Amino acid sequence: MTHHETLRPKLVLSDLYDSQIVYTSRPSYVSNPWLEPEEHQSNFLTGRELLIAGDMPVIVHEACVTPKLDKLLELVGKEKPKQLYSFQDKKTYERLLQALAYDKGKKIYFQYVHDDSILTKAYYALDKDDFIALNNKAKIPLWTGGKYLPKRAVVSLEDFDSVVRQWEYPFVLKPGDDLPTAGGYGVIVVYNDEELEQAIQRVHQAADETEHMIIEQKIEAVANYCVQFACAQGEPIQYIGSAQQLTNDYGFYNGNENAQDVPPHVIEAGREIMKRGVELGFFGVAGFDLLVDKDDNVFAIDLNFRQNGSTNMLLLEPLLNQGYHKFFSYFAKGDNEHFFNTIYKYVAKGVLYPLSYYDGDWYESDKVNSRFGCIWHGKTRKEIEAYEREFLRELEAHQ
């Protein structure tokens, strides 16, 4: 087992941002028809980057930093970051953002944009308009230089019904405006007539906030990479690694595994895209979803100019057992104590690396299931799959 205490991540967030910037990974409480994770999932996300924060201040929900997290981190020789700003709910979260900005003069580095009524754009560490443009799926051709594109069309909502019925299955639908999506939410894969009618209905349900839709050829991929880079302001671009995306047939995210022997032309395609973002003013971590087909062609299907689920796994690689790594999250199903004890057992075995723990028992009066973000790490995929099956059997035994 690796001696984690003596090793450091490839880089930490405080290497990329100055000391007056505070990080928040929570989606806004304001509704978005294409990104609707429920409240506890959004709160859970605030604990994900704690081990790669370094000295960067992080906004985090109180349920993510209870003594249970301390116990798990102690097993791998780590502690929570010192600079944490905690909140409990919508009111305290928004009040905290405003106090940090208006009273303390801090800039906020947002993982997801928030409404101007919560915080004006002057307090965004990264220019808000540029951040929105970089993450707008309709503008992907700008950041790829017109390369690496599947067949695609951006159509107005008025024309959508008639245009989409002319496409051959399978194809993918995505919002073509500024609203953020994540984890496959907001991406609709259509294989047949029945699914098309369901998709049309969903698109029209979002009509109040969506003016354009993207229709895109579904690529038959032999590999699905999230290729990631980091850049501080005025500094060279760093390639920090790639992960293989684990998704189902409908594009929903199921975690990541580390990718070895990534083709150089895939990395170079990602570097080209990162360079265009940096030229616009971007700094921080970005990850680009690049597919490779059977003919070795590269297709850019999503550009995330922000941290990705697998960023932790790539940056923490020096602290993990060499071999196979898998990033994933788990949810309790009623018995939070058994959930925690099972997790503790496998972290102690040295095959499960803790990233975050959302403690459902923090909610004393409500029954809330705990959540856990982690990295499996061992010599081979076969070994880790055996450990994970055993882990899941033990969890199910008391659910």
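Guide: The accessible surface of the chain amounts to about 17300 Å², and 47% of this area belongs to carbon and sulfur atoms; the areas come from the Shrake-Rupley method with a 1.4 Å probe, and for residues only the protein chains shown count as cover. This is a predicted model, in which local features need pLDDT of at least 70 and side-chain atom pairs count only at pLDDT 80 or more, while totals for chains, interfaces and linings use all residues. Residues are numbered from 1 along each chain as its sequence is written, and side-chain values use heavy atoms, with hydrogens and water left out.

Of the 399 residues in the chain, 56% are buried, that is, under 20% relative accessible area with a 1.4 Å probe, protein chains only. Contacts (heavy atoms within 4.5 Å) between residues at least 6 apart in sequence join residues at least 24 apart in 69% of cases. The C-alpha trace spans about 55 × 55 × 45 Å along its principal axes.

Leaving aside residues up to four places away in sequence, His40 touches Tyr358, Tyr363, Val368 and Arg371. With Tyr358, the His40 side chain makes a side-chain to side-chain polar contact at 2.8 Å; such a contact is a pair of N or O atoms within 3.5 Å, where, within protein, one must be able to donate a hydrogen and the other to accept it, and residues adjacent in sequence count only if both atoms are side-chain atoms.

Technical notes:
Buried < 20%, exposed > 50% of the residue type's maximum accessible area, 1.4 Å probe, protein only.
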